Amino acid sequence: MEKLILVLLAAGDSRRFRGNKLLYEWQGKPMYRHIVDQIASLPADCFMEKIVVTQYETVKADLESRGYRAVENHESTRGISHSIQLALQSFPDAQAAVCFAVCDQPYLKTETLSQLICGWQNSKKGMGCLSYQGEPGNPAIFSKQYWEELMNLKGDVGGKCIIRAHPDDLYSYEIEDAKELEDVDVRDPSEFPTSTQYRIT
């Protein structure tokens, strides 16, 4: 069974959110903690290593205490491709696939993550992702053979273009609830009151 490394992408500037959305409280905890807690419910041997790419000291310190290795991104304006490449450069000799996940999908469930990983492993495909009505979404898995293409991405462009370029080598787990794929880009005052903002330290 191919080994798998988890990479959490948590370095964005949240420009449309008008503040750091990862540190905003959502249902009792900072938004980034929702996916972290779902991942923690997976079997301990699911990932050979867990990494977070971030520019935020709060996120870095918290996840390091939970067993993640932090990769710092001090050039977040270069877009998500830069975070992807920093992660890959941090383990250049690893013979493993990489599961990229983002920290602003608070509705994503542990069971969905498990179904994606198990289905991809059984499929023997080079890539895997969640999808809704055929539209690919995060998390997304890329085998070692796609690292070069990931390293050639530019700007605020992620792996979706690589997925679309190789549809025959993709395992797609279709979800029933589109909400699981939603990423929070705009603040809802009823859910994100300014009084509960988590400060960056």
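Two strands count as paired if DSSP finds at least two bridges between them. In this predicted model, seven strands form an open sheet with mixed pairing, in the order E5-E4-E1-E6-E8-E7-E9. The edges of the sheet are strand E5 (69–72) and strand E9 (170–174), each of which pairs on one side only. On average, neighbouring strands are turned by 30° against each other, with direction ignored.

**Strands E6 and E8**

Strands of a sheet pair through backbone hydrogen bonds, either parallel or antiparallel. Strand E6 (residues 97–102) and strand E8 (residues 135–142) run antiparallel and are joined by three bridges. Cys-99 stands opposite Ile-141 in E8.

**Helices on the sheet**

| Helix | Strands touched | Angle between directions |
|---|---|---|
| H1 (residues 32–40) | E1 (4–10), E4 (49–54), E6 | about 165° with E1 |
| H4 (residues 110–123) | E1, E6, E7 (127–132), E8, E9 | about 150° with E9 |

**Helix H3**

How many of the 10 residues of H3 are buried? Eight of them are, so H3 is largely enclosed by the rest of the structure. The buried residues of H3 include Ser-81, His-82, Ile-84 and Leu-88. The buried residues of this helix pack against strands E1, E4, E5 and E6, and against helix H5.

**A residue in strand E7**

Ser-131 has its place in strand E7. Is Ser-131 buried or exposed? A residue is called buried when its relative accessible area is under 20%. Ser-131 has a relative accessible area of 2%, so this residue is buried. Leaving aside residues up to four places away in sequence, Ser-131 touches Pro-136, Gly-137, Ser-172, Tyr-173, Glu-174, Ile-175 and Leu-181.

**Aromatic rings**

A pair of aromatic rings is described by the distance of the centres and the angle of the planes. A search of the whole structure finds two aromatic pairs. One of them is formed by Phe-91 and Trp-147: the ring centres are 5.4 Å apart and the planes stand at 70°, so the pair is edge-to-face. Phe-91 lies in the loop between helix H3 (80–89) and E6, while Trp-147 lies in helix H5 (residues 147–151), so the pair ties together parts that are 56 residues apart in sequence. Both Phe-91 and Trp-147 are buried.

Another ring has a charge over its face: Lys-179 lies over Tyr-107, at 4.4 Å from the ring centre.

Key
Residues are numbered from 1 along each chain as its sequence is written. This is a predicted model: local features need pLDDT of at least 70, side-chain atom pairs count only at pLDDT 80 or more; totals for chains, interfaces and linings use all residues. Side-chain values use heavy atoms; hydrogens and water are left out. Helices (H or I, at least four residues) and strands (E, at least two) are DSSP runs, numbered from the N terminus. Axes are lines fitted to C-alpha atoms, for helices over the stretch in contact, and angles run from 0 to 180 degrees between N-to-C directions. Contact means heavy atoms within 4.5 Å. Buried means under 20% relative accessible area, exposed over 50%, partly exposed in between (1.4 Å probe, protein chains only). Rings of Phe, Tyr and Trp (its six-membered ring) pair if their centres lie within 6.5 Å; planes under 30 degrees apart count as stacked, over 60 as edge-to-face and the rest as tilted. A charge sits over a ring if NZ of Lys or CZ of Arg is within 6 Å of the ring centre and within 35 degrees of the ring normal.
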